[in-house]
Amino acid sequence: MRRVLVTEDFLNSFQKTFSVPSFLCFISHFSWCSGICSIVVTGFNSNMPVFVLYQATFSALVSYSVLMTCLWFAGGVTLEMDDLKRAYSRKTQERSLLVLNEKEFGFGRSLYERQSPVLSGCRVLHFTRNSTLVVTGTLLTYTLLLLDIQS
């Protein structure tokens, strides 16, 4: 139980420290990706030099990979906490079979019923592993909307 409490305290302090910077980082990379993607797609229709298109494509890929890496690792916190809860629940069940103490068994269940922490950016964006697909779809949608507006 001490390990769970220490982990939750660390996650709370981490969330307070990096909430605003992570939100700003997410917004900047998202805007950069959507803007560069629209430039690359419209650049193929114009007389833009090929070197500029390659450079913009590389820049968009780097920004996209940074964005997905941040979302992937921040989303892993929830999965790791769920694994910790399952392991703790298993240990308390094993101990309750050996000791037959009802208080400890109920205590383990209350830990398992708690929600897993999710890191967020200013409590607007919640970083989960599902967010990677949502962000990818949103980037494609906004890029296509920008193309439709420009044509």
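**Exercise 1. Find the partner of Arg 86 and describe how the two residues sit.**

Step 1. Arg 86 forms a salt bridge with Asp 83, and their closest N and O atoms are 2.5 Å apart. A salt bridge here is a side-chain nitrogen of Lys or Arg within 4 Å of a carboxyl oxygen of Asp or Glu.

A word on the model before we go on: it is predicted, so local features need pLDDT of at least 70 and side-chain atom pairs count only at pLDDT 80 or more, while totals for chains, interfaces and linings use all residues. Residues are numbered from 1 along each chain as its sequence is written, and side-chain values use heavy atoms, with hydrogens and water left out.

Step 2. Both residues lie in helix H2, 3 residues apart, about one turn of the helix. Helices (H or I, at least four residues) and strands (E, at least two) are DSSP runs, numbered from the N terminus.

Step 3. Now check accessibility: buried means under 20% relative accessible area, exposed over 50%, and partly exposed in between (1.4 Å probe, protein chains only). Arg 86 is partly exposed because its relative accessibility is 45%. Asp 83, at 35%, is also partly exposed.

**Exercise 2. Count the salt bridges and work through the pair Arg 90 and Glu 94.**

Step 1. The rule gives 2 salt bridges.

Step 2. Arg 90 and Glu 94 meet through their side chains, with 3.4 Å from N to O. Side chains of opposite charge can pair when their charged atoms come close.

Step 3. Arg 90 and Glu 94 are 4 residues apart in helix H2, so about one helical turn separates them.

Step 4. Arg 90 counts as exposed at 56% relative accessibility, whereas Glu 94 counts as partly exposed at 35%.

**Exercise 3. Describe the surroundings of Thr 132.**

Step 1. Thr 132 belongs to helix H4.

Step 2. With a relative accessible area of 12%, Thr 132 is buried.

Step 3. A polar atom of the Thr 132 side chain lies 2.8 Å from the backbone oxygen of Arg 129.

Step 4. Leaving aside residues up to four places away in sequence, Thr 132 touches Met 68, Leu 71 and Trp 72. Touching, or contact, means heavy atoms within 4.5 Å.

**Exercise 4. Which helices supply at least two residues each to the lining of the second largest pocket, and how do its residues divide by class?**

Step 1. Start with the term: on a 1 Å grid over the protein atoms alone, a pocket is an open set of points where a 1.4 Å probe fits, with protein on both sides within 12 Å along at least five of seven lines; lining residues have an atom within 4 Å of a point.

Step 2. The second largest pocket has a volume of about 220 Å³, a volume being the space filled by probe spheres set on the points.

Step 3. H1, H2 and helix H4 (131-150) each give at least two lining residues. Among the lining residues are Cys 33, Tyr 64 and Leu 139.

Step 4. The lining divides into 9 nonpolar, 3 polar and no charged residues. Ala, Val, Leu, Ile, Met, Phe, Trp, Tyr, Cys and Pro count as nonpolar, Asp, Glu, Lys and Arg as charged, and the others, Gly among them, as polar.

**Exercise 5. Locate Val 124 and relate it to Ser 19.**

Step 1. Val 124 sits in the loop between strand S1 (120-121) and strand S2 (125-126).

Step 2. Val 124 is exposed, with a relative accessible area of 54%.

Step 3. Val 124 and Ser 19 are 105 residues apart in sequence, and their C-alpha atoms are 9.7 Å apart in space.

Terms used:
A polar contact is a pair of N or O atoms within 3.5 Å; within protein, one must be able to donate a hydrogen and the other to accept it, and residues adjacent in sequence count only if both atoms are side-chain atoms.
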